[in-house]
Amino acid sequence: MPYKIYDEPIYEVESINLLKNIANGKSIRDEMEETIKKCPVNAIRAQIEPLFEKAIALEAYVKEHMVLDDTSTFLLKKWESASSYAPIEVIYFYDLMTRAGIYNKAVPILFPFNDGLLEDSWSFKDIELNIPPPSISNSQFFRLVNNVKLTKDEKLDVLQLYHDFDLYRTHTHQLLKQTEALIKSKLHVYESDIYDSTKFVEEQLITQTALTYKNIIDISLNDNKLYHIYPSLYDINGFMLTDIFFVDPYIVIGVGALKLRNILDNVSVGEENATQFLKCLSEGSKQSILKYLKYEPLYGGQLAEKLGCSSANVSQHMSSLLQLGVVHMKKENNRVYFHLNKDIISQYFDTAKNLFI
């Protein structure tokens with residue numbers, strides 16, 4: 001089973017995650033407070049705050065030392081709301097494609113909106129067969145854009161990105177390079193955290209030939225692909241697996257994710273989690289995801305197609321469902337499928353019932 005564990009993060013991913021929060025006026029501190037709210041035990045703050053302390057300090061350091069020109073500020077403004085178009089992420093996806101010799105700016109521009117937009121030129125079947133996307137002419141691109149349910153201003157943003165793509169890319173690289181340098185200067189602060197995280201991963205791979213943990217992760221790596229496993233310094237509670245045919249699959253695990261999970265497992269959070277689960281049921285997309293998974297496991301692309309949204313949106317919804325344990329990931333036939341944890345859902349309903357009866 002080929003794999004490689006790194007003691008440094010993917011700096012582009014770290015930079016994008018950090019910049020996205022800055023652009024939206026959010027902070028990793030918000031995630032910390034949300035985590036603490038789930039715990040009815042007051043003393044839990046003293047255990048959780050130290051895990052977020054370094055990420056909060058890193059965020060503050062980057063904010064303080066960033067130097068933004070007008071174009072960089074413009075790029076960040078595109079992230080001001082969850083529905084905003086994000087040129088920086090588009091550029092990153094495009095760069096991944098170019099490393100595999102694929103030069104097609106139309107695909108990453110359209111992909112965030114709805115994978116199905118490309119169905120007539122690059123279907124899910126093509127992706128499964130590792131067929132690279134074809135060239136898309138200007139007229140094809142404009143026709144596909146017209147099929148997207150966007151406002152007039154949003155369509156103008158898309159067309160501007162397409163027209164000025166090289167300029168956007170130049171400024172995106174400058175912004176990411178500056179952020180990467182700032183993050184690298186603080187790498188030494190995370191040495192012990194990276195060591196603890198990679199040690200756990202190494203033990204899992206040696207003893208189980210898989211990454212399995214607490215009904216969240218169940219990924220067998222027995223498919224002869226070379227897996228690259230990285231720590232995340234900023235998204236300390238994150239877990240991400242990316243398996244795109246034109247690059248080797250990579251896994252990113254937050255350096256505090258395992259410690260945080262152990263802390264939460266030792267605290268009675270049943271009632272709060274049951275309340276959070278009921279909130280999920282009140283959100284249309286999350287409820288639909290759970291309904292689809294009731295009948296069969298599905299991977300991200302299939303869910304995006306059924307929901308009529310982007311894979312990025314599916315990932316956002318899945319984050320909270322995974323944290324609650326009502327969904328878990330399992331790698332099957334070279335794909336990561338989402339499975340429903342019906343036993344845990346039943347437990348939440350029982351707990352919720354006891355709150356009112």
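**View 1. Residues at the contact of helices α8 and α9.** In this predicted model, the residues Asn138, Phe141, Phe142, Val145 and Asn146 of helix α8 meet Lys155, Val158, Leu159 and Tyr162 of helix α9. Sorted by class, the contact of α8 with α9 holds six nonpolar, two polar and one charged residues. Helix α8 covers residues 138–146 and helix α9 covers residues 152–163, and their axes, which come within 11 Å, cross at roughly 160°. Because angles over 145 degrees count as roughly antiparallel, α8 and α9 are therefore described as roughly antiparallel to each other. The crossing in which α8 passes α9 is right-handed.

**View 2. Helix α1 packed against helix α10.** Two packed helices are described by the angle between their axes and the distance between the axes. Here helix α1 (residues 11–23) and helix α10 pack at an angle of about 100°, and their axes are 9 Å apart. With this angle, α1 is roughly perpendicular to α10. On the side of α1 the contact is made by Tyr11, Glu14, Ser15, Ile16, Leu18 and Leu19, while α10 contributes Leu175, Leu176, Thr179, Glu180, Ile183 and Lys184. The residues of this contact of α1 with α10 divide into seven nonpolar, two polar and three charged.

**View 3. His171 in helix α10.** The residue His171 belongs to helix α10, which spans residues 165–184. Its relative accessibility is 15%, and since buried means under 20%, His171 counts as buried. When the neighbours within four places in sequence are left aside, His171 is in contact with Asp69, Thr71 and Leu75.

**View 4. An open sheet of four strands.** The sheet is open and is formed by four strands in the order β1-β4-β6-β5, with mixed pairing. Strands β1 (3–5) and β5 (239–242) stand at the edges, and each has a single partner strand, so one side of each is left without a neighbour in the sheet. From one strand to the next, the twist averages 15°. Strands of a sheet pair through backbone hydrogen bonds, either parallel or antiparallel. Strand β1 runs parallel to strand β4 (residues 227–232), to which three bridges join it, and within this pair Tyr3 stands opposite Tyr227 in β4.

**View 5. Strand β6 and its two partners.** Strands β4 and β6 run parallel and are joined by five bridges, with Ile253 in β6 as the bridge partner of Pro231. Strands β5 and β6, in turn, pair in the antiparallel sense over four bridges, and here Leu241 stands opposite Ile251 in β6. In a regular strand the side chains alternate between the two faces of the sheet. Strand β6 (residues 250–254) is mostly covered, with five of its five residues buried. Both of its faces are covered, as Tyr250, Val252 and Gly254 on one side and Ile251 and Ile253 on the other are all buried.

View 6. In strand β9 (residues 335–340), five of the six residues are buried, so the strand is largely enclosed by the rest of the structure. Strand β7 (residues 298–299) pairs with β9 in the antiparallel sense over two bridges, and Tyr299 stands opposite Tyr337 in β9. Strand β8 (residues 327–332) also pairs with β9 in the antiparallel sense, over six bridges, and the bridge partner of Val327 in β9 is Leu340.

Note on methods. Residues numbered from 1 in each chain as written. Predicted model: local features only at pLDDT ≥ 70, side-chain atom pairs only at ≥ 80, totals over all residues. Heavy atoms only, no water. Buried < 20%, exposed > 50% of the residue type's maximum accessible area, 1.4 Å probe, protein only. Contact = heavy atoms within 4.5 Å. Pairing = 2+ DSSP bridges. Axes fitted to C-alpha atoms, helices over the stretch in contact; angles between N-to-C directions. Parallel < 35°, antiparallel > 145°, perpendicular 65-115°, else oblique. Left-handed = near helix turned anticlockwise from the far one by under 90°. Nonpolar A, V, L, I, M, F, W, Y, C, P; charged D, E, K, R; others polar.
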